[in-house]
Amino acid sequence: PSIGPCIYTIQEDDRQRLWIGSDQGLSLFDLKTERFSMLHAQPLSGMRINTPVSHIMIDSRQTMWIATAGQGVFRYHLPTDSLLHYTVPDKINSDYISHLLEDHSGHIWATSMRAGLSQYIPSEDTFRQATEDDGGVQNTLTLFEAARQNLWVGTSGNGLYLFDRKEKKLIQKLKPVDSSRLLLVRSIVEWRPGELLIAS
């Protein structure tokens, strides 16, 4: 028997459609018709999504951000069916993006397996390194903003970090040696204010 795609992320839009990111790219499932289709829009570069899609996030402006493992980030505006592409070296600092997040102020953040934490700068229409010095923190996997507006960063191999927005640096809060060898932080949620649940 054949093995199906490995699904990494699912996001529902306001038209009752499921956007599915997998190791085979991006697909669309219509809950009304129960049919699969593909995204036909393409950016001016002509580059279609043909690498694994690691994360999908729809922001407050009904714009969908698509993180890929190999092609950077795609930005799809649902109402106008327009697609933009952010790739190295001009628009983003890594093509291997693992997670995207919109914070309470509407800022867009991205984590990368190769370049740490980045922030989208609307005035430049680019992603820029968010830290003055990443301190060697590269294998960032996930992002979470807690109720107190703290931005938490989970890594692959180096535990949990808190992003200091004022100082623009990552502060390690859970080290592998301090947490029974908690190396991989795959997902973070808030159990109640001030208490996080961490999937490892």
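Author: Let's start with a term: a residue is buried at under 20% relative accessible area, exposed at over 50% and partly exposed in between, using a 1.4 Å probe and protein chains only. By that cut-off, 44% of the 200 residues of the chain count as buried. This is a predicted model, where local features need pLDDT of at least 70, side-chain atom pairs count only at pLDDT 80 or more, and totals for chains, interfaces and linings use all residues. Residues are numbered from 1 along each chain as its sequence is written, and side-chain values use heavy atoms, without hydrogens and water.

Reader: What makes up the secondary structure of the chain?

Author: Helices (H or I, at least four residues) and strands (E, at least two) are DSSP runs, numbered from the N terminus. On that basis the chain has 0 helices and 18 strands.

Reader: Why are E9 and strand E10 said to pair?

Author: Two strands pair if DSSP finds at least two bridges between them. E9 and strand E10 (residues 108-112) have 5 bridges in the antiparallel sense, so they qualify. For instance, Ile97 has Ser112 in E10 as its bridge partner.

Reader: And what makes strand E9 (97-102) and strand E12 (126-129) edge strands?

Author: They belong to an open sheet of 4 strands, ordered E9-E10-E11-E12 with antiparallel pairing. Strand E9 and strand E12 each pair on one side only.
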